[in-house]
Amino acid sequence: MSTRVPARAGKFITLEGIEGAGKSTLAQFMSAWLGRHGFTVRLTREPGGTPLAERVRQIVLERGAEPVSPLTETLLMFAARALHVQNVIRPALARGEWVVCDRFTDATRAYQGSGRGVDAALIDALALAVHGDLKPDCTLLLDLPVRVGLARARTRQGATADRFEAETVGFFEKVREGYLALARREPQRLRIIDAAAPLSEVEQRIAQALGELQAREGRA
Ligand code: Z5A
């Protein structure tokens, strides 16, 4: 598979955070904000975003009898991502659209890497094979205490929790710390947003981040 990034005018924005951080809610807000500012937006998510990748999502989230090792989980995330990058993300960027994606490879680094102990070098190698030098232009990390996120998520969950929703507080603490470590490593790309704040304040901070990205683009 070619890993060359085509010339593109679109922007690739990702949302990350632990469970219940508000990504889905804020992805909708971002899509509406960008639409009002004249951009064509492609709102999508991982794992998933294409018909086949959504089927992989079902496999990876379902709590079945057959064990799924951390390595298998990682490979499934990247299998779904390969479909998504090739069939949705790259074509949309090439058309000049702004892609807003609910989770991307940072989620694999945080969940499978920091949460499950999968080797970071292996994740980097898979990322390079699957999406080459394609990286989000901006990643909004919705950060909040684990107990707040889990309490929010539980008000919305159905009767059955998926494989991640069934995880312990300790697991999500590792995931949160993994995300914060990524933000320390790449402060230009990952912007931490206090997601424990009231929704209207979080929206304001996100609008500010989008405005800055738009202004930066205007100067480029
Ligand atoms: N996963 C992985 O392990 N590796 C990978 O590479 C990838 C994913 C890509 C599914 O992801 C699982 O896949 C995920 C990680 C793993 N599992 N976990 N955890 P997902 O993104 O589809 O699922 P999720 O994290 O479970 O998303 P979520 O629970 O839907 O959370 P959310 O989208 O961040 O939250 P929300 O639904 O927008 O908001 C939750 C509730 O809080 C809702 O009632 C909102 O109205 C409310 N809310 C939101 N913001 C606020 C504020 N600011 N104040 C008060 N209430 C709020």
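**View A. The largest pocket has a volume of about 750 Å³.** This is a predicted model, where local features need pLDDT of at least 70 and side-chain atom pairs count only at pLDDT 80 or more, while totals for chains, interfaces and linings use all residues. Residues are numbered from 1 along each chain as its sequence is written, and side-chain values use heavy atoms, with hydrogens and water left out. A pocket here is an open set of points on a 1 Å grid over the protein atoms alone, with protein on both sides within 12 Å along at least five of seven lines; lining residues have an atom within 4 Å of a point. To get a volume, grid points are joined across faces, edges and corners, and you take the space filled by probe spheres set on the points. So who's around this one? The lining has 34 residues, and Glu19, Lys23, Ser24, Asp102 and Arg103 are the ones nearest the pocket's centre. At least two lining residues each come from helix H1 (23-36), helix H2 (51-61), H3, H4, helix H6 (146-156) and helix H8 (199-219). Helices (H or I, at least four residues) and strands (E, at least two) are DSSP runs, numbered from the N terminus. Sorted by class, you get 16 nonpolar, six polar and twelve charged residues. (Ala, Val, Leu, Ile, Met, Phe, Trp, Tyr, Cys and Pro count as nonpolar, Asp, Glu, Lys and Arg as charged, and the others, Gly among them, as polar.)

**View B. The second largest pocket comes in at about 190 Å³.** Look for Ile59, Thr72, Leu76 and Arg163 among its lining residues, which also include Glu62, Arg63 and Gly64. The lining splits into five nonpolar, two polar and four charged residues.

**View C. Here is the one cavity of 30 Å³ or more that a search of the whole structure finds.** A cavity is a set of points where a 1.4 Å probe fits but cannot get out. Strand E4 (138-143) and helix H7 (169-185) are the elements that give two or more residues to its lining, and E4 gives the most, with three. Gly17, Ile18, Arg176 and Tyr179 are among the residues around the space.

**View D. Helices H3 (residues 70-94) and H5 (residues 120-131) cross at roughly 25°, with axes that come within 9 Å.** Axes are lines fitted to C-alpha atoms, for helices over the stretch in contact, and angles run from 0 to 180 degrees between N-to-C directions. H3 and H5 are therefore roughly parallel (angles under 35 degrees). The H3 residues in contact (heavy atoms within 4.5 Å) include Leu71, Phe78 and Val85, and they meet H5 residues including Leu122, Leu126 and Val130. Ten nonpolar, two polar and two charged residues make up this contact.

**View E. Helix H4 (residues 105-115) crosses H7 at roughly 130°, and their axes come within 8 Å.** By class, the contact has eight nonpolar, three polar and four charged residues.

**View F. H6 and H7 cross at roughly 115°, with axes that come within 10 Å.** Val146, Arg147 and Leu150 of H6 touch Val169, Phe172, Glu173 and Arg176 of H7. This contact has four nonpolar, no polar and three charged residues.

Note on methods:
Angles under 35 degrees count as roughly parallel, over 145 as roughly antiparallel, 65 to 115 as roughly perpendicular and the rest as oblique.
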